[in-house]
Amino acid sequence: MSDDATDYRDIGWVDEPTEITERTYFISQFSAVTAFETADGLVLVDSGLGELGPKLNDSLREFTDRPVHTAIFTHGHADHVHGLRHFLTDDQDRPRIIAHEAMPERWARYERTTGHNEAINARQFGGAVSAADEWYEEDTNFRAPDLTPDTFYDDELTIEVGDTAFEIRHGRGETDDHSWVYCPDRDVVCTGDFFISMSPNAGNPQKVQRYPEEWAETLREIAVLEPTHLCPGHGSAVVDDSAAIRTRLEETAAYLESIVDQTIEALNDGSPPHTDIVHAVDAPDTESPWLEEIYDESEFIVRNLIRRYGGWWNGRPSDLKPATRDGQAEEIAALAGGPDALLERAEELISDGDYRRATHLVDYALEAAPADETVREAAAELYEERAAAEASLMSTNLYQSAAAYAREGRPFR
């Protein structure tokens with residue numbers, strides 16, 4: 001990870017564990033865990049990153065020493081499943097693990113594309129592919145026996161543990177295997193990543209399809225329950241305030257619906273090139289802190305929707321059967337007077353605040369002369385300037401990753 005990159009663990013960190021309501025505990029230290037104490041033991045909703053599992057468990061044990069009876073995984077991402085082993089006592093039976101039936105297929109895909117996923121995760125958090133071996137090993141193994149769910153459901157499942165009922169519901173959102181959990185006896189809803197105390201992670205440039213429309217529908221479904229307490233997938237819980245919870249859920253749904261409606265309207269206007277569609281959609285106007293674009297961005301959600309409804313071709317004639325990027329870069333650099341001229345113009349554009357056009361020129365300069373150390377260093381510095389001007393973690397870190405690639409002597413591809 002670059003020294004200037006934003007660490008994913010800095011997001012959604014709440015120092016103090018919270019007793020949400022009687023015998024119900026919430027810990028959010030990047031990864032969020034909700035624990036319900038029952039007569040038969042603990043029910044955990046998610047278990048955090050393996051890397052953070054010991055600290056999460058230490059926080060939980062400030063409240064209770066009961067063993068884990070059941071774990072419910074809201075979806076199959078590492079930051080929601082890999083911490084489980086750290087919550088288990090040495091002498092306890094293996095807990096029941098519940099997940100949506102699509103989770104095994106997700107994990108099989110991760111196993112098949114391990115190298116790809118290590119690379120994109122390294123990039124997402126500001127490094128180059130060469131740094132992928134730094135990715136925490138415990139959080140890349142999705143076949144560990146103590147993580148494998150033994151109970152699956154398709155649409156909904158209600159269970160009872162001790163004296164407490166739990167309603168588990170499926171909805172597509174950040175993933176196709178996503179669940180949310182409602183405990184009616186305590187009026188607590190655990191949203192997983194349907195709500196994360198910031199704008200939803202519904203775009204994510206490197207990851208597979210997200211589902212903004214179904215996501216919004218699920219948020220409205222949860223809002224109708226008017227729960228008293230909300231435990232999100234990341235960030236702070238909302239306690240004893242059903243009105244505040246409903247506002248958060250409905251505003252997040254409206255945010256997604258606005259982006260969806262604008263994107264489809266632009267698509268239906270003659271299906272213009274994808275870049276034109278991106279620039280035709282306005283980010284929803286909001287001052288709500290839970291919709292601040294800290295991690296993901298509305299622009300990326302637009303691109304996610306275009307991918308869902310469109311083909312792979314972006315609508316530009318030259319990109320239907322393009323020349324190689326090296327070939328394009330050589331031609332552009334020759335017309336401009338060489339890579340140095342491209343970088344000089346990029347510097348002028350950046351000084352004027354035109355980061356978008358500048359970055360195209362930096363790309364071409366680097367791709368035209370990847371072996372030139374002077375070009376590489378200048379390109380890296382310009383990518384870093386672009387990174388410093390960005391607000392979201394994804395944009396900042398991907399530009400930092402581009403700088404890391406440039407210094408390694410190869411374009412960011």
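**Pockets, cavities and a surface patch**

The lining of the largest pocket divides into 16 nonpolar, 15 polar and 15 charged residues. In this classification Ala, Val, Leu, Ile, Met, Phe, Trp, Tyr, Cys and Pro are nonpolar, Asp, Glu, Lys and Arg are charged, and the others, Gly among them, are polar. The model is predicted, with local features needing pLDDT of at least 70 and side-chain atom pairs counting only at pLDDT 80 or more, while totals for chains, interfaces and linings use all residues. Residues are numbered from 1 along each chain as its sequence is written, and side-chain values use heavy atoms, with hydrogens and water left out.

The largest pocket holds about 2000 Å³ of space. Among the 46 residues lining this pocket, Pro 205, Arg 303, His 360, Asp 363 and Tyr 399 are the closest to its centre. Two or more lining residues come from each of helices H7 (274-280), H8 (298-309), H9 (325-336), H11, H12 and H13 (393-408). H11 gives the largest share, eight residues. Helices (H or I, at least four residues) and strands (E, at least two) are DSSP runs numbered from the N terminus. On a 1 Å grid over the protein atoms alone, a pocket is an open set of points with protein on both sides within 12 Å along at least five of seven lines, whereas a cavity is a set where a 1.4 Å probe fits but cannot get out; lining residues have an atom within 4 Å of a point. Points are joined across faces, edges and corners, and a volume is the space filled by probe spheres set on them.

Two cavities of 30 Å³ or more are present. The largest cavity contains about 40 Å³, and its lining comprises six nonpolar, five polar and one charged residues.

On the surface, Trp 312, Trp 313 and Leu 320 form a nonpolar patch with about 380 Å² of accessible area together. Leu 320 lies in the loop between H8 and H9 and is partly exposed, because its relative accessibility is 42% (buried is under 20%, exposed over 50%, partly exposed in between; 1.4 Å probe, protein chains only). Patch residues have over 30% relative accessible area and no salt bridge, with nonpolar side chains (Val, Leu, Ile, Met, Phe, Trp, Tyr) joined within 5 Å. A salt bridge is a side-chain nitrogen of Lys or Arg within 4 Å of a carboxyl oxygen of Asp or Glu. Accessible areas come from the Shrake-Rupley method with a 1.4 Å probe.

Technical notes. Patch = residues over 30% accessible without salt bridge, like charges linked within 9 Å, V, L, I, M, F, W, Y side chains within 5 Å.
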